[in-house]
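Let's take a walk through this structure together. Have a look around first, and then we'll go through it part by part.

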Amino acid sequence: MSKLTKKDVEHVASLAKLSISDKELEKYLKQLDEVVNYIGELNEVDTKNTEPTSQTTGLENVFRSDELKSQQGSTQEEVLSGTEKSYNGYFKVEAILTERTDK
Amino acid sequence: MSLPLTINETQEGLKGKKFRASEIVREYLERIKKYDKGINSFLTLTEEVAFEKASRTDETIGSQGEAAFSRYPLLGVTVAFKDLFLTKGVRTTAGSKVLESYVPTYSATVVERLEKAGCILIGKTNCDAWAHGASGENSDFGPTKNPWKPEFVPGGSSSGSAAAIAANFSLIACGTDTGGSIRQPANFCGVVGLKPTYGAVSRYGIIAMASSLDSVGHFARTVEDVRRVFEISKGEDGYDSTVKSEKGITRSAVKVKSSGLKLGIPKEYFIEGLDKEVENAVLAAAEVFKKQGVKLVNISLPHTKYAISVYYIVQPAEVSSNLGRYDGIRYGNDRNSFGAEAKRRIMLGTYVLSSGYYDAYYLKAMKVRSKMIQDFEEAFEKVDAILAPVSPTPPFKLGEKADNPLQMYLADIFTVAGNLAGIPGLAIPSGFSKKALPLGFQLLGPRFSEDTLFHLGEIYQKAVNYVPKVAF
């Protein structure tokens, strides 16, 4: 397996929306590289004729009837109870689009 | 008052008016206030809720008498939940600063079921943040200490729940086990811990770590008590599709054999690096079983050595997607509040899932996972259960592995395979090391064979005249 680079760590951090400092970057690079090298040992296992396992229940297509259960719903007040940033019953978020400055 | 150590003692005492539920609660809370500064096992105490429930319990016993105990099988039993279990109206942090002030608007299925069965909620316990860790040191609210010797770790990630039982702060406690997070702290704290079959207990209302591995279990001081709590917590609730009893699919419990039980000793679990005292404790337990007529069989689980690699691909991959939801918009703080270990696992998981690496890591790991499951299936054709160490070493010192994540991950070597295969595991204490730290072993069985594990555990505890112990 190839060695992990600073760019790899910066890339995954940005994919995962984590901001990390330069000092953290050094530390994580070393630690993650060690782990990535270790898990590379799986290459030695022959899995040519093996199906992957994603879950162990043996269940397929679990259905339930499509009906409203009153006890499972939450009130608007409950849903908004986790934030102080709400307006008129809505969550308030930062603007994603801003006014053009190149007009 | 001297606190009862088992469910039976508690309920007999309540029936016989030896003490009242409110007195038990007062005593636990006094102990916690007096000693928990040095242990740090609780993040939130639910004093008011506990006293209120206790006085209702006393009223129920007063008006219904002994009949109350058949109606509410866990009446008077105090419970502490790992802070990963949502508790309506009670702060739930997952041990992380991201959720430091999060108050859920509903309770987990297990919380509801235990409360309905008569349990008294006493508080929420400390844990490695998001259940990431094997020592309790990754909590954003400070590490939990081992009640038997505070300079040692209690194990993790259900550190506070295991420590609370060892320190006699509660009668039972609940936790989650994704790669050993119940069995290993149970082992380090000298208590009994059950990791049920994947899909036996609903995960509804429990903060997800790695969804194909998470299982919800608990701690107590005897196998019998663990069995009694499992009877209440298990089974379909309609909110977790992995807990499903369907026609045509055998998901019923494996029947317990009354005689001719066979216990497998896997050679791959007795390897270099296994501490001598840990090894001797497991072998001594094997002798106990043999004397009780259980046949010991040498078995092999050839892919055991890849367990850590498979686990540290599958688990961080699932962690990275489960922790994707924490954006600080609907509740909680934003992603800058994640601690170092959460960041490491999110990045590792994102890496193994990212374009160009998915086949090499994630898909490969899922295939080796199939091989490990096959190992177990072949073994369970020959034996009813497997006897193994829980951790390669006795409890280690705080700080000893904190700076080396890979070393910390390797501590999970004997527990992760059970999660990858979705099988149940029962950790049982067996004595103490020369340094007076707890030792023990685990029993692993086929899917839905909890009853066999309890049966074996009870055979063991009866044979050694096991007396429940607390650290102080």
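Helices (H or I, at least four residues) and strands (E, at least two) are DSSP runs, numbered from the N terminus. Residues are numbered from 1 along each chain as its sequence is written, while chains are lettered from A and ligands numbered from 1 in the order in which they are written. This is a predicted model, where local features need pLDDT of at least 70, side-chain atom pairs count only at pLDDT 80 or more, and totals for chains, interfaces and linings use all residues.

Let's start with a loop in chain A, the one between α2 (22–39) and α3 (76–80), where you'll find Asn61(A). Asn61(A) isn't a glycine, yet its phi is positive, about 40°. To talk about surroundings we need some words: a residue is buried if 20 or more other C-beta atoms lie within 10 Å of its own, exposed if 12 or fewer, and partly exposed in between, with C-beta atoms placed from the backbone. Asn61(A) has 6 other C-beta atoms within 10 Å, so it is exposed. Chain B has a residue of this kind too: Lys17(B), not a glycine either, has a positive phi near 55°. Lys17(B) sits in the loop between α1 (7–15) and α2 (21–39) of chain B, and it counts as exposed because it has 9 C-beta neighbours inside 10 Å.

Now for the sheet in chain B. Two strands pair if DSSP finds at least two bridges between them. Here 11 strands form an open sheet with mixed pairing, in the order β1-β3-β2-β4-β6-β5-β10-β11-β9-β7-β8. Which strands stand at the edges? They are β1 (42–45) and β8 (295–299) of chain B; each has a single partner strand, so one side of each has no neighbour in the sheet. From one strand to the next, the twist averages 30°. Helix α9 (residues 276–291) of chain B packs on this sheet, touching β7 (262–266), β8, β9 (385–388), β10 (425–432) and β11 (438–444) of chain B, and its direction makes about 55° with that of β11(B).

Next, find strand β4 (residues 172–177) of chain B. Of its 6 residues, 6 are buried, so β4(B) is largely enclosed by the rest of the structure. Ile172(B), Cys174(B) and Thr176(B) lie on one side, Ala173(B), Gly175(B) and Asp177(B) on the other, and both faces are covered. With strand β2 (residues 78–82) of chain B, β4(B) pairs in the parallel sense over 3 bridges; Val79(B) has Ile172(B) as its bridge partner. With strand β6 (residues 215–220) of chain B, β4(B) pairs in the antiparallel sense over 5 bridges, and there Gly217(B) is the bridge partner of Gly175(B).

So how do the chains meet? Two residues are in contact if their C-beta atoms, placed from the backbone, lie within 7 Å. By that test, 47 residues of chain B are in contact with 40 residues of chain A. On the chain B side, the elements giving two or more residues are α10 (307–322), α11 (340–353), α12 (358–382) and α13 (405–410), and α12(B) gives the most, with 11 residues.

One place to look is where helix α1 (residues 6–15) of chain A meets α11(B): their axes come within 9 Å and cross at roughly 100°.

Leaving out residues up to four places away in sequence, Ile313(B) touches Ile39(A), Val352(B), Tyr361(B), Tyr362(B) and Ala365(B).

Notes. Axes are lines fitted to C-alpha atoms, for helices over the stretch in contact, and angles run from 0 to 180 degrees between N-to-C directions.
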